[in-house]
Amino acid sequence: MAEAKPVVVQLYCRFEITVDDADRVFEAAEQRLRSADIDWSSEADTLDEAVAELRGELARSVASLVDADRVLADVPGIEVRRGRWWAELGAPSDRFQPGFRSPDEEA
């Protein structure tokens, strides 16, 4: 019997969260970044510059805490290959529809 071919599925997610303590979010984002296995010599920014960017923008800090590999980690037969996620302050974006654009892409 032939082995089944993998099927690619696009999974779109949006969460609405409330942040009750932005300082704790900034601290968590910084801690995760500092403990990440990143070769900073090959990056455009230094570690301190990257930390400053995270601490300067709440939405960026929230997005940096998302771990796409863990979303479906306990589901057998699924491998998370890649993903795209971001966070924005305020109401839901009209861009978030099938075929949506990344916030950094122009309309």
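Surface patches are made of residues with over 30% relative accessible area and no salt bridge, with like charges joined within 9 Å and nonpolar side chains (Val, Leu, Ile, Met, Phe, Trp, Tyr) joined within 5 Å. A salt bridge is a side-chain nitrogen of Lys or Arg within 4 Å of a carboxyl oxygen of Asp or Glu.

This is a predicted model, in which local features need pLDDT of at least 70, side-chain atom pairs count only at pLDDT 80 or more, and totals for chains, interfaces and linings use all residues. Residues are numbered from 1 along each chain as its sequence is written, and side-chain values use heavy atoms, leaving out hydrogens and water.

The protein has 4 helices and 0 strands, in the order α-α-α-α from the N terminus. Helices (H or I, at least four residues) and strands (E, at least two) are DSSP runs. Of its 107 residues, 14% are buried, that is, under 20% relative accessible area, whereas exposed means over 50% and partly exposed lies in between (1.4 Å probe, protein chains only).

On the surface, Asp-20, Asp-21, Asp-23 and Glu-27 form a patch of negative charge. Phe-15, Ile-17 and Val-19 make a nonpolar surface patch of about 330 Å².

| Residue | Relative accessible area |
|---|---|
| Asp-21 | 34%, partly exposed |
| Val-19 | 32%, partly exposed |

Asp-21 lies in the segment before helix 1 (22–35), and Val-19 is also placed in the segment before helix 1.

The largest nonpolar core consists of 5 residues: Ala-29, Leu-33, Ala-50, Val-51 and Leu-54. Helix 1 and helix 2 (47–56) each supply at least two residues of this core, and helix 2 gives the most, with 3 residues. Such a core is a set of buried Ala, Val, Leu, Ile, Met, Phe, Trp, Tyr and Cys residues joined through side-chain atoms within 4.5 Å.

Note on methods:
Areas by Shrake-Rupley, 256 points an atom, 1.4 Å probe, with all protein chains shown as cover. Lys, Arg positive; Asp, Glu negative; His and termini not counted. Charge placed at Lys NZ, Arg CZ, Asp CG, Glu CD.
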